Amino acid sequence: MAERLTGEPAGLARRLAAMVYDTLIIAAILMIAGFSVLPFTGGQAVPAGSIWFEVYLFLVIFAYVGWCQTHGGQTLGMLAWRLYATDDAGGWLGWRQAFLRYCLAWPSVLLGLLGVLWSAFDPARKTLHERFSGTRTLYAPNRPL
């Protein structure tokens, strides 16, 4: 039988703190990803608005977030704040569910964090992207790292 994680719904402050940590990590990953294409562009910068480059960066970020959330339920920012991404039953996310959560998180975050701030008023303390993806973020302080 698969392990089910229990814990309390994550609070807004912990979510935002984990997002700050992950933003720093993602910035570093994006710098490496950007530099990695230079051999293919003759050492020139990728032209602004290049759709293939934007899709590439979108997928690079998902590779980090998706791998972390499908292999233990935590990005490094979530690890620091003892947060876990699970499905609604407390099970670990698969790649499909992680991708849906990731795609839905973009508008949730880019619209001034409104989808994330929603968790402060939601009875289950879920963000909008968690509502629509069938996932949740749990705070599990007693689970061993």
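In this predicted model, Cys103 has a relative accessibility of 28%, so the residue counts as partly exposed. Cys68, in contrast, counts as buried because its relative accessibility is 9%.

These two cysteines lead to the matter of disulfides. A disulfide is a covalent bond between the sulfur atoms of two cysteines. The structure holds zero of them. For Cys68, the closest cysteine sulfur belongs to Cys103 and lies 17 Å away, so the distance is too far for a bond; the cut-off for a disulfide is 2.5 Å between the sulfur atoms.

Three strands make up an open sheet, arranged in the order β1-β3-β2 with antiparallel pairing. Strands β1 (8-9) and β2 (83-87) are the edge strands, each pairing on one side only. Between β2 and β3, the latter spanning residues 135-139, the antiparallel pairing runs over five bridges. Within β3, Thr137 stands opposite Ala85.

The last stop is the surface. A nonpolar patch there is formed by Ile51, Trp52, Val55, Leu59 and Phe99, which together have about 500 Å² of accessible area. Helix α2, covering residues 51-70, supplies the largest share of this patch, with four residues. Ile51 is found in helix α2. Its relative accessibility is 61%, and therefore Ile51 counts as exposed, the threshold for that label being over 50%.

Conventions:
Residues are numbered from 1 along each chain as its sequence is written. This is a predicted model: local features need pLDDT of at least 70, side-chain atom pairs count only at pLDDT 80 or more; totals for chains, interfaces and linings use all residues. Side-chain values use heavy atoms; hydrogens and water are left out. Patches are made of residues with over 30% relative accessible area and no salt bridge: like charges are joined within 9 Å, nonpolar side chains (Val, Leu, Ile, Met, Phe, Trp, Tyr) within 5 Å. Accessible areas come from the Shrake-Rupley method with a 1.4 Å probe; for residues, only the protein chains shown count as cover. A salt bridge is a side-chain nitrogen of Lys or Arg within 4 Å of a carboxyl oxygen of Asp or Glu. Helices (H or I, at least four residues) and strands (E, at least two) are DSSP runs, numbered from the N terminus. Buried means under 20% relative accessible area, exposed over 50%, partly exposed in between (1.4 Å probe, protein chains only). Two strands pair if DSSP finds at least two bridges between them.
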